[in-house]
Amino acid sequence: IPWGDARLGYDFPTEVLTFDPGGPFWHDFDTLCVKLYAEDLYGNGLDTLEYCFGTDFSIPVIWNMIPPMDAVIGSSTPIISFGLHDSITGVADTSLWISIDTNGALIDTLWFVYSEFLMIDDSVVLDPAILGIAFSDSDTVTVCMGAYDSPNYCEPNELDSCWSFIISLG
């Protein structure tokens, strides 16, 4: 691609050369290799830069939410858990949070980085009883969670998801 092509840009203060191909040409798990050759003002060739990188366009995935969506639960302190995985760059554990509300009122937002719940392999487990949280009869409990992956060269892909269940102690 010759200099002057609209897909090339150069920021003089930061000395960063960018290339924007203009479209979604790649998919998850693709490997792209780049070879950059340049000459100085006098036509002298500079060292050729060659490198490869992988692509990750997908958010982490969540599955097997427990208690399940819209379930009726007969415990005031049910274990809350779910599966969480990112198959390309992995989940950034510092990004993982869970919020719990009952009947629309926020009880707490918990962070993995503060050891407020566990992550064992691809399973996230929160025990409300350990945190002193107990739900009341007829509560609608909404669990929301968020996490992002760990790419090297771009903004992370962010997941946020919510589900609710009902407490019935009767």
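This report covers the pockets and the cysteines of a predicted model.

## Largest pocket

The largest pocket holds about 1300 Å³ of space. Its lining counts 34 residues. Thr18, Phe19, Val34, Tyr51 and Phe53 lie nearest the centre.

Four strands each give at least two residues to this lining: strand 1 (8–11), strand 2 (16–19), strand 3 (31–36) and strand 4 (49–54). Strand 3 supplies the largest share, 5 residues. By class, the lining has 25 nonpolar, 6 polar and 3 charged residues.

## Second largest pocket

The second largest pocket holds about 160 Å³. Tyr37, Ala38, Glu39, Asp40, Leu41 and Leu46 line it. Of these, 4 are nonpolar and 2 are charged; no polar residue takes part.

## Disulfides

The structure has 2 disulfides. Counting bonded cysteines along the chain, the pattern is 1-2, 3-4.

Cys33 pairs with Cys52, S to S 2.0 Å. The link is right-handed, with 105° about the S-S bond. Cys33 sits in strand 3 and Cys52 in strand 4, 19 residues apart. Cys33 is exposed at 56% relative accessible area. Cys52 is partly exposed at 47%.

Cys144 pairs with Cys162, also with S to S 2.0 Å. This link is right-handed too, at 110° about the S-S bond. Cys144 belongs to strand 12 (residues 140–148) and Cys162 to strand 13 (residues 158–167), so the bond ties together parts 18 residues apart in sequence. Cys144 is buried, at 14% relative accessible area. Cys162 is partly exposed, at 43%.

## Cys154

Cys154 is partly exposed, with a relative accessible area of 45%.

Conventions
Residues are numbered from 1 along each chain as its sequence is written. This is a predicted model: local features need pLDDT of at least 70, side-chain atom pairs count only at pLDDT 80 or more; totals for chains, interfaces and linings use all residues. Side-chain values use heavy atoms; hydrogens and water are left out. On a 1 Å grid over the protein atoms alone, a cavity is a set of points where a 1.4 Å probe fits but cannot get out, and a pocket is an open set with protein on both sides within 12 Å along at least five of seven lines; lining residues have an atom within 4 Å of a point. Grid points are joined across faces, edges and corners, and a volume is the space filled by probe spheres set on the points. Ala, Val, Leu, Ile, Met, Phe, Trp, Tyr, Cys and Pro count as nonpolar, Asp, Glu, Lys and Arg as charged, and the others, Gly among them, as polar. A disulfide is a pair of cysteine sulfur atoms within 2.5 Å. Buried means under 20% relative accessible area, exposed over 50%, partly exposed in between (1.4 Å probe, protein chains only).
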